[in-house]
Amino acid sequence: MKFSKRIEQVNPSMTLAIDAKAKELKAKGEDVIGFGAGEPDFDTPERIKRAGIRAIEANDTHYTPVGGTNELKDAIITKMKRDNGLVYERNEIIASCGAKHSFYNLAQALWDEGDEVIIPAPYWVSFPEMVVLAGAKPVIIETYSTNNFKITVDQIKESLTTNTRAILINTPSNPTGFAYEKSELEAITEFALQNNLLLISDEIYEWIIFDGFQHSSIASLGKEAKKNCVVINGVSKCYAMTGWRIGYIAADAEIVKKITKLQGQSTSGPCSISQAASIEALMGPHDDVIAMVREFEKRRNTMVDLLTDIPGVSCNKPNGSFYSFPDFSALYGKKDKNGNAIHGSLDFTEYLLTEKKVAIVPGIAFGSDANARMSFATSMEKIEEGVKRIKEAVKLLQ
Ligand code: PMP
């Protein structure tokens, strides 16, 4: 069978693969502790589930307009005003089947062969792949733990070519857990505007922030910033709604129009029931979200404290999302009890899974081989037991 060049260029999602491997071991009765989850371990709040059930009972089960119902668009508009001080019109909003779908559509609508998109590494695994699927070139810029994995204007300057079209910022970030300060975003925005670059701002972890941190949206940094920024957001992470598949874009009307055309010839509108539930998610009381974030903050403290207590492991304390991104590279070069050397994050994560039944995601999947991603969207007991096992496994290395 001959397959398209496009599909042959795409790498399978390593995060999904690790998760599947851990689940397979668990199904075999192994006592696996998984830190691979890319989703809250909390269930969708009751008020949101009820809204979904009400939608089914009201026969809200037909096609909706391609870009989402007006009610959902209005809820998104209200959210953008309330949370980000931004004013959008309905023709500047489009809802899709998850934020992943939103970015996929955007890439298809914007770029061609030869176009370059700047993506800071560590990055969410799907960003470069979706740029490649659009025929364009992801330009990966390595960031460092000394700057909490945030890209600087000087770095962007160095990578700029006449083909650069856009800069992608994900704040708070998957996988690093760090969010950009407003002043950092202002500097990047100023540079992007001077160089006619589109800013893409993935803010899907917006509400999951710690220590009183204030989230800033690039689009809120002024009139020009808003015009040149595509905000990507969704209900998956902050409302524990990963399975409902609703994401959205807020952007210039011209961009939204093109994406709507594409969506009209591909998926059509997202699920009607999920749209109704998402309205409740965005508009209803946020006590459930705040309680979940408080719990994540406690778990982050425990996970980072326990990790940094392991000789040879370092870990900056993230200020958002539900991931920590410890550095295990000081252990590379050591050998396990069979004399096999640990060469990098793939070897190390494989070793942990085999030796101690702990599943973490190798940093190489996110473009940073020194690290691994550990999700704290799991219980405190599992965090304590899992990190204890990692400590034991590290001790066994020679
Ligand atoms: N952006 C980032 C940074 C993510 O981590 C994810 C999910 N892993 C998404 C977008 C996509 O989320 P969804 O498609 O569930 O809305």
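Visitor: How far is a backbone N or O atom of A99 from an oxygen atom of the ligand?
Guide: The distance is 2.6 Å. A polar contact is a pair of N or O atoms within 3.5 Å; within protein, one must be able to donate a hydrogen and the other to accept it, and residues adjacent in sequence count only if both atoms are side-chain atoms.

Guide: Some ground rules come first. This is a predicted model, where local features need pLDDT of at least 70, side-chain atom pairs count only at pLDDT 80 or more, and totals for chains, interfaces and linings use all residues. Residues are numbered from 1 along each chain as its sequence is written, and side-chain values use heavy atoms, with hydrogens and water left out.

Visitor: Which atoms does the side chain of Y205 lie 2.8 Å from?
Guide: An N or O atom of that side chain is 2.8 Å from an oxygen atom of the ligand. For D202, a side-chain N or O atom lies 2.6 Å from a ligand nitrogen. Both pairs fall within 3.5 Å.

Visitor: What makes a residue part of the ligand's surroundings?
Guide: One of its heavy atoms must lie within 4 Å of the molecule. The residues that surround the ligand include W124, N170, K237 and R245.

Visitor: How many residues of each class are in the shell?
Guide: Four are nonpolar, four polar and four charged. Ala, Val, Leu, Ile, Met, Phe, Trp, Tyr, Cys and Pro count as nonpolar, Asp, Glu, Lys and Arg as charged, and the others, Gly among them, as polar.

Visitor: Why are β9 and β11 called edge strands?
Guide: The open sheet runs β9-β12-β11, with antiparallel pairing. β9 (323-324) and β11 (361-362) each have a single partner strand, so one side of each is left without a neighbour in the sheet. Strands are DSSP runs of E with at least two residues, and helices are runs of H or I with at least four, numbered from the N terminus.

Visitor: What makes β11 and β12 a pair?
Guide: Two strands pair if DSSP finds at least two bridges between them. β11 and β12 (residues 372-375) have two bridges, so they pair. P362 has A372 in β12 as its bridge partner.

Visitor: What is the omega of the cis peptide bond from A121 to P122?
Guide: The omega there is near 0 degrees. P122 is in the loop between β3 (116-121) and α6 (126-133).
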